[in-house]
Amino acid sequence: MALMAYLSYMLAELLSLSGILTVFFCGIVMSHYAWHNVTESSRITTRHIFATLSFIAETFIFLYVGMDALDMDKWKTTQASFKTSIGIFGVIISLILLGRAAFVFPLSILSNFMSGNSEKAPITFKHQVVIWWAGLMRGAVSIALAYNQFTFSGVTQDPVHATIITSTIVVVFFTTLVFGFLTRPMISAMLPQHRHREPAGGRSTGSNSPKDEFILPFLGDEDASGSGSGFVQAKRSISMMLERPIHTVHIYWRKFDDRFMRPIFGGPRSY
């Protein structure tokens, strides 16, 4: 599985395509097919290894960004004045806000319209605002793309490229600190959690402990049934959506997938 993901990345780089998006879609394909060709213990091991590697990679990315943020050469290379830099920063933040809103709100309205006759709960305006706000934070992907496109081994002598790099660093710091810090208070204010009281003589049906939240994704249905009804219900809903599609395009794809793709690449049938 690791070699398959690395192969997709190398092919994308050789063809001058986006290696990040290639690995992302490769992960989707592997979870759909290759995931079923390994044993249960291998699945758990793979999940832990990939989660650990992703955490380490993200840590090094932000460590590199923090060290490079004080690189005076890039700030001296850019010839933009302070007012110009502030203007560029304001334009980028505004475009991020508008671009996120242009996707979240229309798609949420479309989703509510398409599921109007079903039992699916609609996406309320408060949920839409939370989805919009939580996706405003820029991070490692933005930094990696900027450095890959506008620097050579992290160094650039072009004033325009240096301005793009410094603007990206400022935007990432601002969105991570400001938007990230305000995300939890905003969620608590707009979507308050109503805790259920523990029944007398019974087990609590409230939220899981941090240890349970870490273990639950690696458990099966029967193991997770007593660890939290919310997790089981969400997992059952996803399984029902995949096994019993209700939309026309999904039905045709499932038929094609069961007839041609899964017999070759692996995976359980939908019927």
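Ser-16 is exposed, with a relative accessible area of 68%; exposed means over 50%, buried under 20%, and partly exposed in between, using a 1.4 Å probe and protein chains only. The model you're looking at is predicted, so local features need pLDDT of at least 70 and side-chain atom pairs count only at pLDDT 80 or more, while totals for chains, interfaces and linings use all residues. Residues are numbered from 1 along each chain as its sequence is written, and side-chain values use heavy atoms, with hydrogens and water left out.

**The overall picture**
- The protein has 12 helices and zero strands; these are DSSP runs numbered from the N terminus, with helices (H or I) of at least four residues and strands (E) of at least two.
- Out of 271 residues, 24% count as buried.
- Take the contacts with a separation of 6 or more: residues 24 or more positions apart account for 63% of them, where contact means heavy atoms within 4.5 Å.

**Back to Ser-16, and the helices on either side**
- Ser-16 sits in the loop between H1 and H2.
- Its phi is near 60 degrees, a positive value in a residue other than glycine.
- For background, most residues other than glycine have a negative phi.
- H1 (residues 2-14) and H2 (residues 19-32) pack at an angle of about 145 degrees, with their axes 8 Å apart. Axes are lines fitted to C-alpha atoms, for helices over the stretch in contact, and angles run from 0 to 180 degrees between N-to-C directions.
- On the H1 side, the contact includes Met-4, Ala-5 and Tyr-9, and on the H2 side, Val-23, Cys-26 and Met-30 are among the residues taking part.
- By class, that contact has seven nonpolar, three polar and one charged residues. Here Ala, Val, Leu, Ile, Met, Phe, Trp, Tyr, Cys and Pro count as nonpolar, Asp, Glu, Lys and Arg as charged, and the others, Gly among them, as polar.

**Nonpolar cores**
- The largest nonpolar core has 15 residues, and those with the most contacts inside it are Trp-132, Trp-133, Leu-136 and Met-190. A core like this is a set of buried Ala, Val, Leu, Ile, Met, Phe, Trp, Tyr and Cys residues joined through side-chain atoms within 4.5 Å.
- H5 (82-114), H6 (125-134) and H8 each supply at least two residues of this core, and H5 gives the most, with five.
- A second, separate core of eight residues includes Ala-69, Ala-146, Tyr-147 and Val-172.
- Met-190 touches Lys-126, Val-129 and Val-130, not counting residues up to four places away in sequence.

**Thr-183 in helix H8**
- Thr-183 belongs to H8 (residues 159-190) and is buried, with a relative accessible area of 11%.
- Leaving aside residues up to four places away in sequence, Thr-183 touches Trp-133 and Met-137.

**Aromatic pairs**
- There are eight aromatic pairs in the structure. Rings of Phe, Tyr and Trp (its six-membered ring) pair if their centres lie within 6.5 Å; planes under 30 degrees apart count as stacked, over 60 as edge-to-face and the rest as tilted.
- Phe-24 and Phe-25 are edge-to-face, because their ring centres are 5.3 Å apart and their planes are at 75 degrees. Both Phe-24 and Phe-25 are exposed.
- Phe-105 and Phe-125 have centres 6.1 Å apart and planes at 25 degrees, so this pair is stacked.
- Phe-125 is exposed, with a relative accessible area of 57%.
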